[in-house]
Structures are given as C-alpha cells and as structure tokens.
Amino acid sequence: MRDINQFTVTQAVKNSFKTEPGSRFESLLQGFIDHLHDFTREQNLTQKEWIDILNFLYDCGKISTPERHEFILLSDVLGFSALVDMVNSKGGATEGSNLGPFYLDAAPRKALGADLSDGREGVLVLVKGKVTDTLHNPLPGAIVDTWQADASGTYPIQEQDQGQDKYDLRGVFEADADGRYYYTTVLPKPYTVPYDGPVGKLLRAGNRHAWRAAHLHYIVRAPGMNTITTEVFFENTEYIDNDAVFGVRRSLITKIVPAKPADTEGLELAKTPDAVCNFDFVLAPEG
Ligand SMILES: [Fe+2]
C-alpha cells in the first residue's frame with residue numbers, strides 16, 4: 001500500500017475490510033466508500049471543506065437527545081428519508097412518507113367514532129376511509145395508528161411542560177368488519193421542523209424555509225400485510241408544493257369539504273364534524 005494514490009486508495013480501503021463476500025453489509029459498505037471517494041475526487045474537496053463537513057456532523061451529534069435526532073432531521077431535509085420511503089414503496093399499496101420525530105408506540109386505543117380533539121379549538125373534521133388489500137378486499141381489524149399537530153401546528157408532546165398530555169391528538173383504531181375507520185379531530189396546521197441547530201443553519205445557507213405542509217401521520221398494519229408508515233395532506237393548503245422534508249406525494253393528498261348529513265350516516269360519532277375528508281389505505285401482502 002506504499003504506492004497508494006488518489007486513484008488506488010478507494011480499492012485499498014475496500015480491500016481492507018474482510019466482510020462476508022456477497023453479503024448485504026459488504027455491498028452497503030463498499031458502495032458507500034465508492035460514492036464518498038468519488039464525491040471527494042469530483043469536488044476536489046479542500047481540507048477546510050472536509051473538516052467543515054465533519055464538524056457539521058459533530059454538531060448534529062452534539063445537539064441530539066433521545067427526543068431530538070438531528071441526523072433524522074438532516075436526512076429529512078436532504079430528501080434522503082423520502083427517497084428511502086420511495087424505493088421501499090410496494091406497487092399498488094399506499095405510498096409511504098415520513099415517520100417524523102413524534103411517534104409514540106403506546107398511544108391509547110380508541111373506539112371508532114371517538115374524538116381526538118379533546119376540546120381543542122379549530123375546525124372539527126371527520127376523517128374516514130377504508131383499509132383494503134391491493135385487490136380492494138377490506139381488511140377487518142386492521143390497525144390505524146394516528147398522531148398529529150393541533151390547529152396551531154404544535155404536537156402536545158412538545159408542550160408537556162405546559163401541562164399537555166403527550167398522548168393527546170393521537171389514537172389507535174381497529175377497522176370494523178368492512179375495513180372502515182373513522183374519527184373526528186381538529187384540523188392540523190403547518191409547523192416548522194426544528195431550525196435552531198446545525199440543520200437550521202444548513203437550511204438558511206441554502207435559502208430554504210423550514211415549514212411542513214399540514215398533515216396527519218399514520219402507521220397502518222394488518223396480519224400478513226406490509227405495514228405502511230405515511231402521512232395524509234390536504235389539497236390547497238400552504239407548503240403543499242414545497243414541504244421542507246419532501247413528504248408530500250400526489251396520492252397522499254385528500255380534500256377537505258363541508259360535512260353533509262350523508263357523510264355521517266351510520267357512523268356513531270362522539271362529536272358532530274364541521275368538515276370531512278376521506279382517505280383509503282391500501283396494504284400489500286408481505287414478502
Ligand atoms: Fe408531523
């Protein structure tokens with residue numbers, strides 16, 4: 001390795017790892033080294049730029065806590081998270097979108113028709129739809145796990161110090177015999193991703209805003225089907241065409257319309273909604 005140069009160093013580094021031939025780990029590691037070295041050669045990266053990048057990553061680590069994962073945020077604003085969702089989307093199934101930082105895995109079970117708003121101000125919207133497989137067969141008992149921001153764009157988990165319950169504005173529903181789910185909640189508003197750290201600095205350096213289009217988060221699962229993690233957005237709302245984390249897909253946009261008596265017929269609802277939106281989830285079989 002004494003005669004190493006900028007053209008032979010890449011192979012030398014790859015050869016230095018004794019990974020299992022043909023393994024996934026080997027493929028990921030070698031691919032990463034190839035791209036990192038190519039990037040360095042293509043850009044003629046200076047030593048100052050190199051240390052700036054490493055210090056940026058160091059700062060991302062320094063500001064991270066169990067509640068704040070700056071690297072996930074970095075992945076989000078670079079479209080890396082969106083790309084991972086896209087390459088893993090199954091044909092015919094609902095497209096995936098960002099999990100975001102506020103998921104809690106022990107959200108309370110709620111009965112169909114429950115109201116998640118807990119008396120919060122805002123437009124009360126009936127959210128309803130069906131969970132089916134890719135052949136449109138309903139999936140009774142499918143689990144619809146949802147969480148969201150309030151009408152000021154805040155998640156209750158962010159305001160626990162002001163007496164908010166972190167489990168508010170979230171619920172886990174079980175679809176009925178026809179695969180239907182329905183509940184009322186307050187319409188969420190857009191919010192900014194955290195921009196007081198290194199990722200915020202990056203956004204400012206690139207003249208970008210930190211706003212997310214308003215959305216509802218979902219994880220939907222059923223036995224024998226691939227679980228989907230996604231978000232539902234609303235037509236004609238702010239940032240729908242320039243979401244800071246590239247979470248919006250055309251297929252994930254629904255319409256909010258005034259609620260009519262026919263919308264609530266046959267549904268036992270805890271509250272009478274002002275508006276209604278419909279979104280059907282489609283799950284693909286496992287494998
Ligand atoms: Fe969110």
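Modeller: Two residues are in contact if their C-beta atoms, placed from the backbone, lie within 7 Å. This is a predicted model, in which local features need pLDDT of at least 70 and side-chain atom pairs count only at pLDDT 80 or more, while totals for chains, interfaces and linings use all residues. Residues are numbered from 1 along each chain as its sequence is written.

Biologist: Which residues does valine 125 touch, not counting residues up to four places away in sequence?

Modeller: Val125 is among the residues that touch the most other members of the largest nonpolar core. Leaving out residues up to four places away in sequence, its contacts are Thr184, Thr185, Leu187, Ile256, Pro273, Asp274, Ala275, Val276 and Cys277.

Biologist: Which strand gives the most residues to this core?

Modeller: The core has 36 residues; such a core is a set of buried Ala, Val, Leu, Ile, Met, Phe, Trp, Tyr and Cys residues joined through C-beta atoms within 7 Å. Strands giving two or more residues include S2 (143-148), S7 (215-221) and S8 (228-234); a strand is a DSSP run of E of at least two residues, a helix one of H or I of at least four, numbered from the N terminus. With five residues, the top contributor is S1.

Biologist: How many residues of S2 are buried?

Modeller: A residue is buried if 20 or more other C-beta atoms lie within 10 Å of its own. Over the chain of 287 residues, 28% are buried. S2 is largely enclosed by the rest of the structure, because the buried share of its six residues is five.

Biologist: Which residue in S7 is the bridge partner of glutamine 148?

Modeller: Strands pair if DSSP finds at least two bridges between them. S2 is joined to S3 (residues 170-174) by five antiparallel bridges, and to S7 by six, also antiparallel. On the S3 side, isoleucine 143 is bridged to glutamate 174. On the S7 side, the partner of glutamine 148 is leucine 216.

Biologist: At what angle do the axes of helix H4 and helix H6 cross?

Modeller: Glu70, Leu73, Leu74 and Val77 of H4 meet Pro198, Val199, Leu202 and Leu203 of H6. H4 and H6 are therefore roughly parallel, a label for angles under 35 degrees. The axes (lines fitted to C-alpha atoms over the stretch in contact, with angles from 0 to 180 degrees between N-to-C directions) come within 9 Å and cross at roughly 25°.

Technical notes:
Parallel < 35°, antiparallel > 145°, perpendicular 65-115°, else oblique. Buried ≥ 20, exposed ≤ 12 C-beta atoms within 10 Å, placed from the backbone.
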